[in-house]
Amino acid sequence: MIEVEHLSLTYHSAKQTHLAVDDVSFTVKQGQFYTLLGPSGCGKTTTLRCVAGLERPDLGEIRIDGAPVSSSNKDVWIPPNRRSIGMVFQSYAIWPHMTVFENVAFPLRYGVKKVSGRDVRDRVQKALDLVQLGHLADRAAPHLSGGQQQRLALARAFVMEPKVLLLDEPLSNLDAKLREEMRIELRHLVKSMGVTTIFVTHEQIEALTLSDVIAVMKNGKIVQEGNPLDIYQRPANAFVADFIGKSNLVPGTVTTNPSANGIVRVDCAWGSLACSAPSGSTSGAIMVAIRPEHLELTPSGSADENVLVGTLEAAAFVGNMTDCIVKVGQTSFKVQLHPDRTPVVGSQVSLYIAARHCLAMRADA
Ligand SMILES: Nc1ncnc2c1ncn2[C@@H]1O[C@H](COP(=O)(O)OP(=O)(O)OP(=O)(O)O)[C@@H](O)[C@H]1O
Ligand SMILES: [Mg+2]
């Protein structure tokens, strides 16, 4: 288990200071796959480096299996090589002058807990077999494919049998197809090891497919934590709705109290919408988030509520759907339609959105 409490870190450079991590707290349970997700510069790597002991936080406490490894109050500081952590960086940091075997053996031979010759061989072989590189032990490390190098980096992290695995964008320099394969493999590997893992990414699809829990970060803070379905279906604010998947975000004003089933009425630029408020009560000025896949075509002239009448401005066939732009008043909506049901560009369309898919939320994160 990893517990991070009130972690803060400011970088100081010649001219300026930058609060990279701002009072971040989270808990990763034993064996959990926990992801820090957010845009570039939001503080993901810095948070991970604090857990690894590669940065010293200004404030806060980090505990691994209950024992503090860093605490500003208690003045505790355990150096990285004594934290029982395996780490995989984006670059993999593989030693090019060594074989596959020697790369994995390195931490056993030169780490804090030195391991004797025969044990080295057994443990390296076990780690390589786990990532299916056993048959390539004698190959020079640079002569591996991208995906194999990534597995080698994992084997080197696994060989020490760490309590905690930290992964900083480990899939980002693989090509798209391999990245998809490795995504599935990575979760399988980590879960079969049972190791408590923090994974860092700015790719929402990686976070959604890999994680038990996702923490969405913005400007050094965690703005929402939850399981992938919660984060996607019940974003807490407009930032999360926009960052995770695509959303149409339209400003509005709540004009009623919630009904018995939690529906509120919201006035928007072109009219009124029935919305749900999944992340708690809302009032006054809010944002409505609508996913492109939740807008459906209705027969023209339908008078039901939550129908938007507009003009189909653009349509791009992308295989399993057609990405469309529909202009309603001054607002452009991203809409995903079935290719067989896409009207001609320029025609008038009416779109229906179920109230449960019109999410009223706070505009700020
Ligand atoms: N050594 C440093 N000195 C000064 N500022 C730094 C340093 N390292 C990072 N920063 C700044 O701290 C902020 C957080 O950086 P961090 O590397 O944690 O972001 P990140 O979320 O990992 O981003 P990315 O997705 O681009 O890797 C950024 O604004 C960055 O410019
Ligand atoms: Mg980073």
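Modeller: Helix 2 (residues 100-110) packs against helix 4 (residues 146-158) at an angle of about 30°, and their axes are 8 Å apart. Axes are lines fitted to C-alpha atoms, for helices over the stretch in contact, and angles run from 0 to 180 degrees between N-to-C directions. Helices (H or I, at least four residues) and strands (E, at least two) are DSSP runs, numbered from the N terminus. This is a predicted model, where local features need pLDDT of at least 70, side-chain atom pairs count only at pLDDT 80 or more, and totals for chains, interfaces and linings use all residues. Residues are numbered from 1 along each chain as its sequence is written, and side-chain values use heavy atoms, without hydrogens and water.

Colleague: Which residues of helix 2 and helix 4 make the contact?

Modeller: Helix 2 brings V100, N103, V104 and P107, while helix 4 brings L152, A155 and R156. Contact means heavy atoms within 4.5 Å.

Colleague: OK, new topic: in what order do the six strands of the open sheet come?

Modeller: The order is 7-8-9-3-10-11, with mixed pairing. Two strands pair if DSSP finds at least two bridges between them. At the edges sit strand 7 (85-88) and strand 11 (221-226), each pairing on one side only.

Colleague: And how many bridges join strand 3 to strand 9?

Modeller: Five, and strand 3 (residues 33-37) runs parallel to strand 9 (residues 196-201). F33 has T197 as its bridge partner in strand 9.

Colleague: Where does helix 4 touch the sheet?

Modeller: Helix 4 touches strand 7 and strand 8, and its direction makes about 170° with that of strand 7.

How values were computed
Chains are lettered from A and ligands numbered from 1 in the order in which they are written.
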